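My notes follow in the order I looked things up.

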2 protein chains.
Amino acid sequence: MDKKKNSVVTSAAAASVAAQPLENADALIDSVETFIFDCDGVIWKGDSLIEGVPETLELLRAKGKRLVFVTNNSTKSRKQYGKKFETLGLSVNEEEIFASSFAAAAYLQSIDFPKDKKIYVIGEEGILIELELAGFSYLGGPEDGGKKIELKPGYLMEHDKDVGAVVVGFDRYFNYYKVQYGTLCVRENPGCLFLATNRDAVTHLTDAQEWAGGGSMVGALVGSTQREPLVVGKPSTFMMDYLANKFGITKSQICMVGDRLDTDILFGQNGGCKTLLVLSGVTSLSMLQNPNNSIQPDFYTNKISDFLSLKAANV
Amino acid sequence: MDKKKNSVVTSAAAASVAAQPLENADALIDSVETFIFDCDGVIWKGDSLIEGVPETLELLRAKGKRLVFVTNNSTKSRKQYGKKFETLGLSVNEEEIFASSFAAAAYLQSIDFPKDKKIYVIGEEGILIELELAGFSYLGGPEDGGKKIELKPGYLMEHDKDVGAVVVGFDRYFNYYKVQYGTLCVRENPGCLFLATNRDAVTHLTDAQEWAGGGSMVGALVGSTQREPLVVGKPSTFMMDYLANKFGITKSQICMVGDRLDTDILFGQNGGCKTLLVLSGVTSLSMLQNPNNSIQPDFYTNKISDFLSLKAANV
């Protein structure tokens with residue numbers, strides 16, 4: 001096993017520096033100001049908390065680290081998403097949650113989107129709540145879920161010329177009315193922005209199967225507008241830029257912790273952050289060390305609670 | 001005007017051979033076995049027939065030419081689409097109409113799609129009618145327009161494991177149920193095909209504005225499956241291959257007649273056909289001769305009825 005591991009590490013190293021097992025957690029913790037955690041596979045798995053998570057978060061807080069929990073889920077606001085943490089017995093502040101619903105509102109604030117302009121939303125309640133908290137006016141969302149178009153000869157769908165941005169996220173009440181309304185705004189309102197909370201192919205609406213994700217709503221608008229959206233959720237690096245700007249930290253002081261190579265780790269690397277892969281989710285050690293895998297995090301470990309034991313071992 | 005025209009032609013010729021004005025219609029007609037006509041801008045404009053069309057079609061028929069009328073509209077069957085011709089006083093046989101609804105069924109026939117497999121349809125009645133005429137079993141279509149998903153914990157959408165192809169076309173009753181059903185078939189049924197009738201960004205449901213087209217329904221499935229569809233309508237060259245195979249003609253014996261450079265003319269060129277641009281639709285002479293335009297048809301003329309006068313002039 002060791003022999004195989006070493007030879008694979010050598011071969012992977014030809015493409016990029018092979019990931020190192022995390023041996024000195026304290027050194028990593030000391031070099032970092034902010035930890036960004038992916039949730040599923042890192043903090044919880046389905047509906048169960050991963051072992052040792054509360055103590056690990058406590059340790060990091062005690063050391064004065066900023067914690068950020070990131071999710072591409074845009075259907076809930078940060079506050080609503082916080083209830084999932086509460087249910088699992090974790091005490092997490094809503095300011096620590098970076099949901100893509102909030103990311104859309106934060107992006108619009110970051111560019112000083114004019115308050116007299118409106119935002120058309122294809123998506124669910126989370127986006128509306130975050131836009132409202134940020135002081136923006138919006139239309140669309142769940143309210144347009146039951147609307148139909150009448151195709152009488154000469155029929156024209158009127159649209160609001162004051163819409164300056166269309167925000168698209170996962171929407172289980174997606175329909176043609178919304179596609180056409182969003183398309184008209186993007187195509188006909190000069191300078192209208194096209195933002196996507198995420199382009200995830202699939203999402204986990206229920207544990208029983210994978211469900212078509214926000215990528216399908218975004219794909220529909222890309223198809224009709226022939227424009228590419230600005231994505232604010234993973235794997236866009238907007239969040240890293242936002243954190244770096246807001247808290248005046250350099251991105252190398254951020255460590256992205258996740259269980260997926262092609263989303264979380266690549267996301268961290270694209271953002272110029274340190275990266276830690278945990279093997280408590282979808283990626284196994286053999287997947288990491290497969291010669292065909294070219295994405296190598298800085299470090300890997302079994303689960304975040306290794307921060308506790310690896311610390312002890314080095315004291 | 002002539003001076004400007006000549007200099008532009010010279011400059012365009014640097015990139016590709018500049019289009020020639022059609023001067024000898026007889027020579028073109030004699031060299032061709034089949035004419036493929038785009039409809040809007042060539043045969044009619046909105047609800048009005050373009051001048052001289054009936055006499056021109058009559059001339060071509062008298063000369064034994066095969067006529068094909070092509071439309072990316074998949075909402076109607078060939079028979080239903082034929083009514084538009086009838087309304088305008090044109091006598092066109094349904095076998096002469098190549099709607100993308102028919103193209104989907106013809107493609108499945110061309111690959112001997114197994115008759116014991118089923119086809120899931122995101123689209124309207126035209127696709128269902130053509131699939132039925134071709135002897136295929138389908139599910140989905142308008143019937144799924146009112147269906148909703150229930151997101152109880154543990155809820156799973158069952159899907160038919162016998163679906164071997166998903167066909168996506170324009171669908172004004174598009175919803176999340178259909179996106180998820182089609183996505184499950186493409187992702188989970190081994191070898192399941194993903195066909196698109198067309199990827200048009202916009203379509204003309206009413207004359208009053210442009211409407212989000214089949215490209216939006218297809219884009220949604222691309223977003224959730226991360227697969228690219230096989231497109232059977234324009235600009236795919238399936239139709240030319242189909243005609244060439246079915247009637248044993250070479251593609252250089254086909255002439256594509258259209259009013260759009262980047263769809264019709266490119267479509268004809270990709271298929272290895274002769275191409276004729278008519279200026280009765282969206283493209284003007286100055287657009288054709290603009291140095292930035294790199295798409296040059298073999299010939300251009302004002303309207304298809306020039307076949308009559310150019311013939312007379314050369315007798």
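**Entry 1: the sheet.** I started with chain B and found an open sheet of 5 strands in the order E8-E7-E9-E10-E13, with parallel pairing. Its edges are strand E8 (137-140) and strand E13 (230-231) of chain B, and each of these pairs on one side only. I note for myself that this is a predicted model.

I then took one pair from the sheet. Strand E9 (residues 163-168) and strand E10 (residues 193-196) of chain B run parallel and share 4 bridges.

**Entry 2: the hairpin.** Next I looked at E11(B) and E12(B). These two are antiparallel, joined by 3 bridges. A hairpin of 2 residues connects E11(B) to E12(B). Here B:Thr206 stands opposite B:Gln209 in E12(B).

**Entry 3: the interface.** How many residues does each chain bring to the contact? I read 35 residues from chain B and 35 residues from chain A. Together the two chains bury about 3000 Å², and 64% of that is on carbon and sulfur atoms. On the chain B side, B:Leu151, B:Tyr176 and B:Trp211 lose the most area to chain A, together 22% of what that side buries.

I turned to the polar side of the interface. The rule finds 14 residue pairs in polar contact between chain B and chain A. Which parts of chain B each supply at least two residues to the side that touches chain A? I listed helix H7 (176-188), strand E11 (202-206), strand E12 (209-212) and helix H8 (214-225). H8(B) gives the largest share, 7 residues. By class, the chain B side divides into 18 nonpolar, 12 polar and 5 charged residues.

I also looked for salt bridges here, and the rule finds 2 across the interface of chain B and chain A. One pair I wrote down is A:Arg187 with B:Glu210, whose closest N and O atoms are 2.7 Å apart.

**Entry 4: symmetry.** I superposed the copies next. Chain B can be laid on chain A with an RMSD of 0.0 Å, by a turn of 180 degrees and a shift of 0.0 Å along the axis. That is the relation of a two-fold axis. I also compared the two sides of the contact: 100% of the interface residues of chain B are interface residues in chain A as well, so the copies meet through the same surface.

**Entry 5: salt bridges overall.** Over all chains, the count by this rule comes to 30 salt bridges. I picked A:Glu124 with A:Arg172, where the closest N and O atoms are 2.8 Å apart. Why does this pair tie together parts of chain A? A:Glu124 lies in the loop between strand E7 (118-122) and helix H6 (125-133), and A:Arg172 in the loop between strand E9 (163-168) and helix H7 (176-188), so the pair links parts that are 48 residues apart in sequence.

**Entry 6: backbone.** The bond from A:Lys234 to A:Pro235 is cis, with omega near 0 degrees. I placed A:Pro235 in the loop between strand E13 (230-231) and helix H9 (238-247) of chain A. In chain B, the bond from B:Lys234 to B:Pro235 is cis, with omega near 0 degrees. B:Pro235 sits in the loop between E13 and helix H9 (238-247) of chain B.

I found A:Asp112 in the loop between helix H5 (100-110) and E7 of chain A.

Key
Residues numbered from 1 in each chain as written. Chains lettered and ligands numbered in written order. Predicted model: local features only at pLDDT ≥ 70, side-chain atom pairs only at ≥ 80, totals over all residues. Heavy atoms only, no water. Contact = heavy atoms within 4.5 Å. Buried area = accessible area lost by both parts, 1.4 Å probe. Salt bridge = Lys/Arg side-chain N within 4 Å of Asp/Glu carboxyl O. Polar contact = N/O pair within 3.5 Å; in protein donor to acceptor, adjacent residues only side chain to side chain. Nonpolar A, V, L, I, M, F, W, Y, C, P; charged D, E, K, R; others polar. Least-squares fit on C-alpha atoms with pLDDT ≥ 70 in both. Pairing = 2+ DSSP bridges.
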